[in-house]
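Here are my notes on the model you sent over. Have it open while you read.

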Amino acid sequence: MTESLAIDPYLFDEQFSAFKVFVEYESRMRFTSFISNPFINHHEGYKYEIYQTAREKLALEKWHEQDIGSGKIVACTIAAIELKNNNFFDLHGKYGPESRLHHKLYLAQETQEDVAEIERCLFNIYYGTNEGASFDHAISIFGQKYPFLAYLFFLKDCSLYLPVKPTFFEQAFSSLGVDLKLSGRCSWENYSRYLEVMDELRLLLSDKLSCSVTLLDAHSFAWMLNTQVTVEPAQTTDVEVYGETERESLIKARKGQGKFRDELKKYWSNACAVTGCQAVDLLRASHIKPWCASDNTE
């Protein structure tokens, strides 16, 4: 059975309306763009900071083909991964250091085994022109470590590639009518499909907001849609699932809003989402006054 990749326009409209009300309530400002909204920028803007810092650590401009096998490329890559706020994938390993997705980089650095092959692979990711072959080569070395491999490609160019957490984005896509399985399907073909959906989402968001939306903005929308807008507070303390930034924002977002969240959950249990008007009605019924219901509304 072929997986459906087209975003359902009706479901997108419904989810966007609910997202818009949520963000405007949290920021007390109109949602006109991702970059200008303080709530989104505060909770999702760190992604751009991680990208810039990681690129500086990677120092690609200093890589030369003759460096392959020296250990320099591996060291730069580890530095670009081990960032304080990097929560794109689990840096520490659920079952200790050896379970880290990028543990093989450390082994190469410590034992010097497979250094040349690993550095050739990394060099080809960033300087090669055959992305599919580079992705497949990385799988043959590191295994099907989807979040780790996607992060490496994300650092190549955030306007073309994105990080991925398979289970979370499967759920986010499902709420948009897209049946794309990601878990256990690490491959260049699957990653390309993921990026295809994200680019379609980017275009839909750009059309809704009448402004430029980046691929990373679309990533933030899908992430927030599946976490901040729908997840219950009791689930937000799971260290294995959420990074510190997401846990903090999810908990903060729900203080004093229990009744509103309960009502939204009732709607979502019977439908994919609520419309913007329904969400505002729920806010009013919960005695929570959003900015859009104030006397200053145009």
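This is a predicted model: local features need pLDDT of at least 70, side-chain atom pairs count only at pLDDT 80 or more; totals for chains, interfaces and linings use all residues.

1. Numbering runs from 1 along each chain as its sequence is written, and side-chain values use heavy atoms, with hydrogens and water left out.

2. The whole structure has 32 aromatic pairs (Phe, Tyr and six-membered Trp rings with centres within 6.5 Å; planes under 30 degrees apart are stacked, over 60 edge-to-face, the rest tilted). Phe19 and Phe31 make an edge-to-face one, 5.7 Å centre to centre with 65° between the planes. Phe19 sits in helix H1 (residues 9-27) and Phe31 in the loop between H1 and helix H2 (38-44); helices here are DSSP runs of H or I, at least four residues, numbered from the N terminus. Phe19 is buried at 0% relative accessibility (buried is under 20%, exposed over 50%, partly exposed in between, with a 1.4 Å probe and protein chains only).

3. Why does the pair Tyr191 and Tyr194 count as stacked? Because the ring centres of Tyr191 and Tyr194 are 6.0 Å apart and their planes are at 25°. Tyr191 and Tyr194 are 3 residues apart in helix H10, so about one helical turn separates them.

4. Now His103, in helix H5 (residues 103-111): His103 is buried, at 13% relative accessible area. The His103 side chain makes a 2.9 Å polar contact with that of Arg100 (N or O atoms within 3.5 Å, one able to donate a hydrogen and the other to accept it; residues adjacent in sequence count only if both atoms are side-chain atoms).

Terms used:
Helices (H or I, at least four residues) and strands (E, at least two) are DSSP runs, numbered from the N terminus.
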